[in-house]
Amino acid sequence: MKALQEQAEKLTLSSRAFYNDKFPVFAERLTSMFGYDMVLPMNTGAEGVETALKLARKWGYVKKKISIDEAIIVSCCGCFHGRTLAAISMSCDNEAIRGFGPLLPGHLKVDFGDITALEKIFKESGDQIAGFLFEPIQGEAGVIIPPDGYLKAVRDLCSKYNILMIADEIQSGLARSGRMLASDWEEVRPDMVILGKALGGGVIPVSAVLADKEVMLCIQPGEHGSTFGGNPLASAVAIASLDVIRDEKLAERSAHLGEELRQHLFKIQQQFPNYVKEVRGRGLFNAVEFDKTALPVSAYDICLKMKERGILAKPTHDTIVRLTPPLSISSNELQEGSKALHDVLELDLPKMRKPKPADAPATPCHRCGRNLYG
Ligand SMILES: *Cc1c(COP(=O)(O)O)cnc(C)c1O
């Protein structure tokens, strides 16, 4: 907030065609922190994803010599990359897509966590594939953690088939998962990293794409841009936000507080084994999945009850409550929050037995034909 206020009084926006004294500092800080040659600043996460896709396509034509307009991006079932047309074109959530067609061509889907399926696609269409875009931990899908070794195997396959490994770390990155990047869990280095959300410190939208020159310079001046991307105000806030993450050791903090939170949640699972199917997470990136058949209400109803008890949590799908508290949360607050969930299950749920509407006919995913989303 201090960085925001101070910068707001000096200079908030200048054309990116001209030098300002904040963007270079931001660019230096971000690239040195994550070990990439260059950064391309944008505003929202979805724009960061768009930028990465454009870069990947351009790289595909310029460096990989893919036939013009035939580049393919592979993404994962259950992915969430934002709400723009390119991003929803990769979605298998019918609610996100319905009524917004036609979708963009040039996309193929693969199951998240399935390395055999990925290799099959790479083998069949590798010459045309520019990039593999994925979340190292799927957020909106319900905090889905891939099997051990997946990230390393993705890295190997992308290198083998000359395909860009593009990590959407908008949600999983910047200490959320208990590491600086979720990719750090297997010490892999993606060819591109997309950051957003926490980069703006919860104050203003700031997103960015990191890549080396080999990739980034495939886009020349004038070919891509953003009026507000990398503006002095955003740059000042992002620098401060990166400082806080580093100086307050938020990755370590997230890792050990996450352990504490899951201990509380495992206890709740033991107390309500019929209801709670799984507790999972890394760092302060967690989910409680309920058993659809045992639970008389939806995860949404549970979140409403938690709200009445002072805790804001968001459901994903019908059965999952996602718990992603601020990284500055205290041990006591985690305990309080967990108690609220416990009390909802013990005290509120017995009174909530609202009759379930007859199961709506499931709409299969328009991509994979399965019913991921009900
Ligand atoms: C939130 C999110 C986005 C989109 O970010 P916006 O700032 O809402 O456009 C993209 N990818 C992931 C993984 C996200 O969690």
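Reply: Buried means under 20% relative accessible area, exposed means over 50%, and partly exposed lies in between, with a 1.4 Å probe and protein chains only. The model is predicted, so local features need pLDDT of at least 70 and side-chain atom pairs count only at pLDDT 80 or more, while totals for chains, interfaces and linings use all residues. Residues are numbered from 1 along each chain as its sequence is written, and side-chain values use heavy atoms, with hydrogens and water left out.

Me: Why is N231 called buried?

Reply: N231 has 8% relative accessibility. The limit for buried is under 20%, and N231 therefore counts as buried.

Me: Where does N231 lie, and what does its side chain reach?

Reply: N231 is in the loop between α8 (213-216) and α9 (232-247); helices are DSSP runs of H or I with at least four residues, strands are E runs of at least two, and both are numbered from the N terminus. A polar contact is a pair of N or O atoms within 3.5 Å; within protein, one must be able to donate a hydrogen and the other to accept it, and residues adjacent in sequence count only if both atoms are side-chain atoms. The side chain of N231 reaches the backbone oxygen of F228 at 2.7 Å and the backbone nitrogen of L233 at 3.0 Å. With neighbours within four places in sequence left aside, N231 is in contact (heavy atoms within 4.5 Å) with T12 and L13.

Me: Why is V143 called buried, and why is N162 called partly exposed?

Reply: V143 has 0% relative accessibility and therefore counts as buried. N162, at 39%, counts as partly exposed, because that class lies between the two limits. V143 belongs to the loop between β4 (129-134) and α7 (150-160), and N162 to the loop between α7 and β5 (164-168).

Me: Which strands pair with β6?

Reply: β5 is joined to β6 by three bridges, and the two run parallel; D168 stands opposite I194 in β6. β6 and β7 pair in the antiparallel sense over four bridges, and the bridge partner of M192 in β7 is A211. From β6 (residues 192-195), M192 and I194 point one way and V193 and L195 the other, and all are buried. In a regular strand the side chains alternate between the two faces of the sheet.

Me: What makes β1 and β3 edge strands?

Reply: Seven strands form an open sheet of mixed pairing, in the order β1-β7-β6-β5-β4-β2-β3. β1 (38-42) and β3 (107-110) each pair on one side only, and they are the edge strands.

Me: What is the peptide bond from G101 to P102 called, and where is P102?

Reply: The bond from G101 to P102 has omega near 0 degrees and is cis. P102 is placed in the loop between α5 (94-97) and β3.

Notes:
Pairing = 2+ DSSP bridges.
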